[in-house]
Amino acid sequence: MILILRGDATEEQIAHVVKRVQEMGFQAHLSRGTHRTIVGIIGDEDQTREAPLRAIPGVADVIPVLPPYKLASRDAHPRDSIVDVSGIKIGGGYLAMIAGPCSVEEPERMDRIAEAVAASGANIFRGGAFKPRTSPYAFQGLGEEGLRILREAGHKHGMPVVTEVIDPRHVEMVAEYSDMLQIGARNMQNFVLLTEAGKTHRPVLLKRGMSATVADLLMSAEYVLSQGNSQVVLCERGVKGFDNATRNLYDVAAVALVKRLSHLPIIVDPSHATGRPDLIPACALAGLAVGADGVHIEVHDCPEVAKSDGPQALLPVQYDALMVKMKAMAKLFDKQVSTHVEVSIG
Ligand code: PEP
Ligand code: MN
């Protein structure tokens, strides 16, 4: 931590700053410039961050040297992490292709959609059994029955499944049915939920909150990691913007930035980011171009009857056409869509 003192700090104030820092149990290294004096603090970065340093008279600014997300940071782990979702690898050159409807619906429909997306090359099947809806009167999901339907459809077609958990009391149950736990945008800072998910052995798909900064997202990942669960995949799904031309503001730059700041895989969700099927293909490819480790897309065989998010769903045929392009893009960047059986082409 570095303290920058005010230009008009008196000798008494400078001496007091050094004394307070030492009383807090840290070492203080004074460096006097022509216009400013700075104080380098040596001590545990977490403790110095907690100390009320800015409140000491004469202190103008406090600058941390290390990021607060120490486990999620690339400093802690320079190589890309690879997350394993029941045999499907994500990160370090492996792409997650997550597809499925917004909500889990009736078994026959889930079976049809799973069959179609698997044939196109999706490697993880999705669907929400517990839906965090803006309105309490909107469809809330099929609950545990939905978890069963999702797992059956996914596994029948050779795909692990991911589904959202919205209640810390449901974490254990959802972890029994699902290969990966999704923590949605609305719950990105539900610290109790993050902590509970961190105690499981299931990988976590952590979506960026709609008003969350990149640092907020990485700090939320830190909650999961700090519980001993190292299997976290981040997801950019758009943030609130001023323009309602698209559902959210798709922040692709954040994806490129996260790749620099963190070793964790990050995927993109152009479905929720744009809310418009006509924009999803271009935005999916843009995500891969900036380094995303996968693409999450909502697919429905009859969007006009979908229980939620129908207007943004791609038809299976549209997903199939996009997948052809995404696979070409993967090849261009020397990445591969992970499958259960890694076939080595010799
Ligand atoms: C979803 O994946 O269906 C969902 C609700 O996502 P988000 O949390 O990003 O809105
Ligand atoms: Mn949705």
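Which residues are around ligand 1? In this predicted model, they are Cys 102, Arg 126, Lys 131, Glu 164, Gln 182, Gly 184, Ala 185, Arg 186, Lys 207, Arg 237, His 272 and Glu 298. Each of them has a heavy atom within 4 Å of the ligand. By type, this shell divides into two nonpolar, three polar and seven charged residues.

Some of these residues make polar contacts with the ligand, including Arg 126, which places a polar side-chain atom 2.7 Å from an oxygen atom of ligand 1. Gln 182 also uses its side chain: an N or O atom there is 2.9 Å from an oxygen atom of the ligand. Ala 185 takes part through its backbone, where an N or O atom lies 2.7 Å from an oxygen atom of ligand 1. On its own, ligand 1 has 300 Å² of accessible area, and the protein covers 97% of that.

The next step is to look at the space that holds the ligand. Ligand 1 sits in the second largest pocket, whose volume is about 250 Å³. The lining of this pocket consists of 19 residues. Those nearest the pocket centre are Pro 132, Arg 186, Arg 247, His 272 and Asp 309. Arg 186 and His 272 also belong to the residues around ligand 1.

Technical notes:
Residues are numbered from 1 along each chain as its sequence is written. Chains are lettered from A and ligands numbered from 1 in the order in which they are written. This is a predicted model: local features need pLDDT of at least 70, side-chain atom pairs count only at pLDDT 80 or more; totals for chains, interfaces and linings use all residues. Side-chain values use heavy atoms; hydrogens and water are left out. A polar contact is a pair of N or O atoms within 3.5 Å; within protein, one must be able to donate a hydrogen and the other to accept it, and residues adjacent in sequence count only if both atoms are side-chain atoms. Accessible areas come from the Shrake-Rupley method with a 1.4 Å probe; for residues, only the protein chains shown count as cover. On a 1 Å grid over the protein atoms alone, a cavity is a set of points where a 1.4 Å probe fits but cannot get out, and a pocket is an open set with protein on both sides within 12 Å along at least five of seven lines; lining residues have an atom within 4 Å of a point. A molecule sits in a cavity or pocket if more than half of its atoms lie within 2 Å of its grid points. Ala, Val, Leu, Ile, Met, Phe, Trp, Tyr, Cys and Pro count as nonpolar, Asp, Glu, Lys and Arg as charged, and the others, Gly among them, as polar. Grid points are joined across faces, edges and corners, and a volume is the space filled by probe spheres set on the points.
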